[in-house]
Amino acid sequence: MAGLGFLGWLGLQVQPRPFPPAFPGPGVTRTVPLPAGLPGPVDRYYRQTYGERLPVITSAVITGRATLRPVPGGPTFPARFRFIHEAGRNYRHYIEATWFGLPLLRVNEAYLDGVSRQEMPRPLPSSTGDPKGAQAANLGLWSETLWMTAVYLTDPRVRWEAVDDTTALLRVPFGQAEETYVVRFDPVTGRPAMMEVMRYQNAADEAKTLWLNLTLSWADFGGVTLPGKAAAHWLNQARPWAVFTAEQVTYNADVGEAVRGRGP
């Protein structure tokens, strides 16, 4: 039993190979002026990130590796991931949790035209078209937009509101309604350290749970400082259920087919 336990533990120490590079895009070819009248911490963050002009981003492909706990209190699995976004509209996630670097659990989930789809291996639950799943997926889309952070200013449906010198509210669309993040900026770096929002954790839940998106480190992607490592943490759990490390971010590729596909 001890030997089997050690073998199981050993398999979880092996990191998977990264996915092949994402299909290339033309990159950012158009910019617009930074808008005036932004809340103080928001204005400072965007000026240090982009300067006076913002890139116009229509799509993004975020590729990297992660650690996941599919079951609260269970083991942590190494993983690799690819997130494909039509900015502010649709996304698809493909994630492989691995053991000895080999796929053990594959996740295909998407949020397309306001409808969520989650395909999980049994015994984990799968769903399509669940309204609470759509609310959760919409927040997943807007949380990951931090890797294309200019979209928070170039999408006319998104609004920032002032709170204080290190905090602002971020209003994002959800159908005909809105969802609200509390965004807390690091007083030293000026960058977003945490985004808080109320999200449905499971389809059967009557009430939402506070969901925390934590930026653990920052990295350079094509001359722009973006999250290098980020964690997703439910307030009712002791530890983050996922930590994502971005290794490549590709902008403005034609992802119309890929976002509606399967696999990496």
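# Briefing: strands, rings and a pocket

Strand β3 (residues 59–68) and strand β4 (residues 77–86) run antiparallel and are joined by 10 bridges. This is a predicted model. The structure holds 13 aromatic pairs.

**Strand β3 and its partners**

- Arg65 has Arg80 of β4 as its bridge partner.
- β3 also pairs with strand β15 (residues 242–251). The sense is antiparallel, and the pairing covers 9 bridges.
- Ile62 stands opposite Val249 of β15.
- Most of β3 is covered, with 8 of its 10 residues buried.
- In a regular strand, side chains alternate between the two faces of the sheet.

**Aromatic pairs and a cluster**

- The count of aromatic pairs in the structure is 13.
- The ring centres of Phe19 and Tyr94 are 5.8 Å apart. Their planes meet at 45°, so this pair is tilted. Tilted pairs fall between the cut-offs: under 30 degrees is stacked, and over 60 is edge-to-face.
- Phe19 is in the loop between α1 (2–11) and β1 (31–33), while Tyr94 is in strand β5 (residues 90–99). The pair therefore ties together parts that are 75 residues apart in sequence.
- Both Phe19 and Tyr94 are buried.
- Phe81 and Phe83 have ring centres 4.6 Å apart. Their planes are at 40°, so this pair is tilted too.
- Phe81 counts as buried because its relative accessibility is 0%. Phe83 counts as buried at 1%. The cut-off for buried is under 20%.
- One aromatic cluster is formed by Tyr45, Tyr46, Tyr50, Tyr152, Trp160 and Phe185.

**Charges over rings**

- Arg191 lies over the face of Trp218, and the distance to the ring centre is 5.6 Å.
- Arg199 has its charged end over the ring of Trp211, at 4.0 Å from the centre.

**The second largest pocket**

- α3 (131–144) and β10 (167–174) each supply at least two lining residues.
- α3 gives the most to the lining, with 3 residues.
- The lining divides into 5 nonpolar, 5 polar and 3 charged residues.

**Two residues with positive phi**

- Asp113 has a phi near 55°, a positive value in a residue that is not glycine.
- Asp113 sits in the loop between β6 (102–112) and β7 (115–119).
- Asp113 has 62% relative accessibility, so this residue counts as exposed. The cut-off for exposed is over 50%.
- Asn252 is not a glycine either, yet its phi is positive, at about 60°.
- Asn252 is in the segment after β15. β15 is the strand that pairs with β3 over 9 bridges.
- Asn252 has a relative accessible area of 12%, so this residue is buried.

Terms used:
Residues numbered from 1 in each chain as written. Predicted model: local features only at pLDDT ≥ 70, side-chain atom pairs only at ≥ 80, totals over all residues. Heavy atoms only, no water. Helix = DSSP H or I, 4+ residues; strand = E, 2+ residues; numbered from the N terminus. Nonpolar A, V, L, I, M, F, W, Y, C, P; charged D, E, K, R; others polar. Phe/Tyr/Trp six-rings, centres within 6.5 Å; stacked < 30°, edge-to-face > 60°. Buried < 20%, exposed > 50% of the residue type's maximum accessible area, 1.4 Å probe, protein only. Lys NZ or Arg CZ within 6 Å of the ring centre and 35° of its normal. Pairing = 2+ DSSP bridges.
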